[in-house]
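Subject: Structure for you to look at

Hello,

Here is the structure I said I would pass on. My notes follow it.

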Amino acid sequence: MAATRRLRRTALPYLLVLPAVVLFLLFVLVPGGYALVLSFQARKVSGGLLGSSTTQVFAGLDNYRAVLADTELWSGIGRMVLVGVIVIPATVGLALLFALLLDVPRVRLAKVTRLAIFLPYAVPGVIATLMWGFLYLPATSPIGGDHVDFFSSVGVFFSVANISVWGAVGFNMIVLCTALRSVPTEVHEAARIDGCTELGMALRIKIPLLRPAIAMCALFTVLGSLQLFNEPNTLKPLSNAISSTWVPLMKIYDDAFVDSDLNHAAATSVLFTAAALLVSWVASRFVQSRAAS
Amino acid sequence: MTVVRRRPAPLPTLLLVLGALYCVVPTLWILVAATKSRTELFSTSTYLPSFGGGLLSNLADLSAYDGGIFWHWMLNSFGYAAIGGVAASLVSAAAGYALAMYRFRGRTLLFNVILAGVLLPQIVLAIPQYLVLSKVGLAGSYLAVLLPQLFNPYGIYLCRIYAAASVPQTLLEAGRLDGAGEFRLFATVGLRLMTPGLVTVFLLQFIAIWNNFLLPFVMTSDDGKFPLTVGLYSLLRHGAAEASLYSLVITGTLLAVLPVIVLFLALQRYWRLDLVSGAVRG
């Protein structure tokens, strides 16, 4: 018998990827391309319904110039970055802390606390914001909202960040717990016999072994921070501290649906998407270099 | 023997309990607040539940609001998340299996596109998706909310990893020698071996759709097609003018949180998050 392994010719792989490819074309490439086209156009006659009675004319880079000169967008990016600067270290740090604590032998109530910390993951951002919103609101606050102003010019960043952290810690904690479980138990045993304390083990053995998983969690959190929308948008009806253009995605929504300036919104979307892809690509390279080291 | 018997660890336990409290307090407070009538909400001690029948009247008010539309939203949310979750998992399973098990033309390109898709914040596509769907007259329909959520690059990526780790090529070779067709191998061997990973992909996508706000918010202005997130948000926006609606929003929030928590507790043991943490290698 000939021992040559011959791959059979089959059309199956093409059929299997077909649904995904069609969905990608229809819901990623076509909308993205359409936004790109709109971003280079301007509406000739203002008013009327979405592009039905008016004509679109080529406008070159005018929209992009207007977007880059849009100070409100830049302030929105600044606010998004500020919230991210709080959310990313807080989420990853707390997730790591809880995962390490759960890994300490003889810790009590591990099952219950693990579940409790994970549960907010199942709560939609909008619903979480409604809950925290009522906790912040002076009229209903059980956590001192009548003494502390959760919507002050500085406080509002922490109030928004807190909701994101609350929703994200549990998922990242579980990811880190799972990664910890793959650390061979002999490593623990050997360290214990050498008289290593739990704290020493966490710092010198577990955290270095967890580095790829920690980097992965950081990437998830960076991606989430770029998409900041639900929390500030839902807090807006509760407080004047949040404008309708508070973060870039709210600004894009506002341009598209309130001001009906689709071309400006499209140019902002294109720039924002490119910037977001760049940031997450850089973050993922960082993750890979961490995973390799 | 130098084996040290370890004392119970009070400090780690305390820290974990504090973390757990931080995570459950908002839900507990919503539970307490939902028992209060409209006037009690702003007048009574915030941590004490009320037994004056406030919960029942809140439930009745919420169910009566706008002809029981709240329950409609709940049903919509389940519909979107369940149908979208199953369909997206099947699409991901098929593509992930093909990418892992076959070498074919365009495979590398496709995989790179998928990786870029994982990094792309999907939410920025919602408005362009709306513009395209409104051109073809689909905006405002159930399909407009459902279809864009069926392409899940992260799900495809996870399925590829899981297929490579769980479906041995040798098994497929054996099946081929026995004369099984390629599709039959996928449907009977591949899908079956991939099931644990698929459950995780399904749950991740179910939660993602259940939690999604911007896409349905953009796609539909017909409140009969809202999922819970958009419905409660619209209720809150009306409530900004009428404080009496706050009790309804609070009760609705409680009812929105409970079913997912129950679903989660029930499906807990099916989670295979080692897939997400990179512990499964294909």
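Chain B has a radius of gyration of 24 Å, whereas a compact globule of 282 residues would have one near 19 Å. This radius is taken over C-alpha atoms, and the globule rule is 2.2 Å times the number of residues to the power 0.38. Along the principal axes, the C-alpha atoms of chain B fill a box of roughly 75 × 75 × 30 Å.

This is a predicted model: local features need pLDDT of at least 70, side-chain atom pairs count only at pLDDT 80 or more, and totals for chains, interfaces and linings use all residues. Residues are numbered from 1 along each chain as its sequence is written, while chains are lettered from A and ligands numbered from 1 in the order in which they are written.

Chain B contains 13 helices and zero strands (DSSP runs numbered from the N terminus: helices are H or I, at least four residues; strands are E, at least two). Of its 282 residues, 47% are buried. Buried means 20 or more other C-beta atoms within 10 Å of the residue's own, exposed means 12 or fewer, and partly exposed is in between, with C-beta atoms placed from the backbone.

Now helix α3(B), residues 54-64. Gly54(B), Leu55(B), Asn58(B) and Leu62(B) are buried there. Just after α3(B), Asp66(B) has a positive phi of about 50 degrees.

Regards
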